[in-house]
Amino acid sequence: MMFATIYLPNFYLQAAIRHQPELHSKPVALIEEQERKPVIIQLNEVAEKAGIQKGMTPSQALGRCLRVVIKARAHTQEKSMQEILIHYAFTLSPFVEATASGICTIQFTDNRNLSEKVSRVIHQLAQCDIAAQAAIAPTPDSSFLAAHLARPVLQINDAKEFLGPLPIETLGKSSPAFC
């Protein structure tokens with residue numbers, strides 16, 4: 001039996017700017033507007049290179065880079081993107097779990113051509129302007145960890161062999177709280 005995890009990096013940010021391709025090359029930071037004191041919860045690589053970090057206030061981010069675009073979470077778009085993710089996951093197997101926002105786990109009963117099948121879904125998501133990466137592994141946990149390292153699809157057949165050389169920091173970076 002094999003499992004796959006499909007992971008949408010920076011899920012909340014992707015949802016907020018999905019239909020604004022002109023923002024993909026600009027520094028963009030995302031806040032949760034509902035918070036008493038909004039802070040940046042996700043940011044793109046351009047914003048990161050400009051010195052902006054998670055946890056900063058919008059004014060601190062603007063202090064680092066005046067060109068930064070501050071966006072609020074887009075809950076409706078998040079729901080839509082999650083539904084698209086689940087739809088395509090179900091094209092792979094009837095055994096799908098919405099693990100977290102922007103993450104789903106698939107259990108396979110037929111292990112033939114898994115990389116090819118999962119790559120097809122990653123390509124279909126890209127056609128919907130959704131960046132995704134996925135991993136296939138013998139356990140759900142190892143597929144989850146590997147999905148964070150996939151570019152865009154990674155298949156591992158021996159979880160111990162794969163996980164052994166990984167630095168412990170990888171585990172912290174890929175825990176659901178940091179996705």
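Here are some numbered notes on the structure above, starting with how to read it.

1. **Ground rules.** This is a predicted model, where local features need pLDDT of at least 70 and side-chain atom pairs count only at pLDDT 80 or more, while totals for chains, interfaces and linings use all residues. Residues are numbered from 1 along each chain as its sequence is written, and side-chain values use heavy atoms, with hydrogens and water left out.

2. **The largest core.** The largest nonpolar core holds 27 residues, and those touching the most other members are Ile6, Leu8, Cys104, Ile106, Val118 and Leu125. A nonpolar core here is a set of buried Ala, Val, Leu, Ile, Met, Phe, Trp, Tyr and Cys residues joined through side-chain atoms within 4.5 Å. Buried means under 20% relative accessible area, exposed over 50%, and partly exposed in between, with a 1.4 Å probe and protein chains only. Two or more residues each come from β1 (2-7), α1 (11-17), α4 (75-89), β6 (103-108), α5 (114-127) and β7 (133-137). Of these elements, α4 gives the most, with 6 residues. Helices (H or I, at least four residues) and strands (E, at least two) are DSSP runs, numbered from the N terminus.

3. **Ile106 up close.** Contact means heavy atoms within 4.5 Å. Setting aside neighbours within four places in sequence, Ile106 is in contact with Met2, Phe3, Ala4, Ile6, Ala89, Leu92, Ser93, Phe95 and Val96.

4. Cys65 counts as buried because its relative accessibility is 8%.

5. **Strand β1.** For a covered strand, have a look at β1: 6 of its 6 residues are buried. Side chains in a regular strand alternate between the two faces of the sheet. In β1, Met2, Ala4 and Ile6 point one way and Phe3, Thr5 and Tyr7 the other, and all are buried. Strands are said to pair if DSSP finds at least two bridges between them. β1 pairs with β6 in the antiparallel sense over 6 bridges, and 5 bridges join β1 to β7, also antiparallel. Tyr7 can be traced into both partners: its bridge partner in β6 is Ile103, and in β7 it is Gln133.

6. **The three-stranded sheet.** There is an open sheet of 3 strands in the order β3-β2-β4, with mixed pairing. Its edge strands, β3 (40-43) and β4 (69-72), each pair on one side only. Strand β2 (residues 28-31) runs parallel to β4, joined by 4 bridges; Leu30, for one, has Lys71 as its bridge partner in β4.

7. **Helix α4.** This helix has 15 residues and reaches 21 Å from its first C-alpha to its last, close to the 21 Å expected at 1.5 Å a residue. The expected span is 1.5 Å times one less than the number of residues. The buried residues of α4 are Glu78, Met81, Gln82, Ile84, Leu85, Ile86, Tyr88 and Ala89, and they pack against β1, α1, β5 (95-100), β6 and α5.

8. **Gln14.** Is Gln14 buried or exposed? Gln14 lies in helix α1 and counts as buried because its relative accessible area is 12%. Leaving aside neighbours within four places in sequence, its contacts are Leu8, Pro9, Met81, Asp129, Ile130 and Ala131.

9. **Cysteines.** How many disulfides are there? The count comes to 0, taking a disulfide as a pair of cysteine sulfur atoms within 2.5 Å. For Cys128, the closest cysteine sulfur is in Cys104, 14 Å away, so the two are too far apart for a bond.
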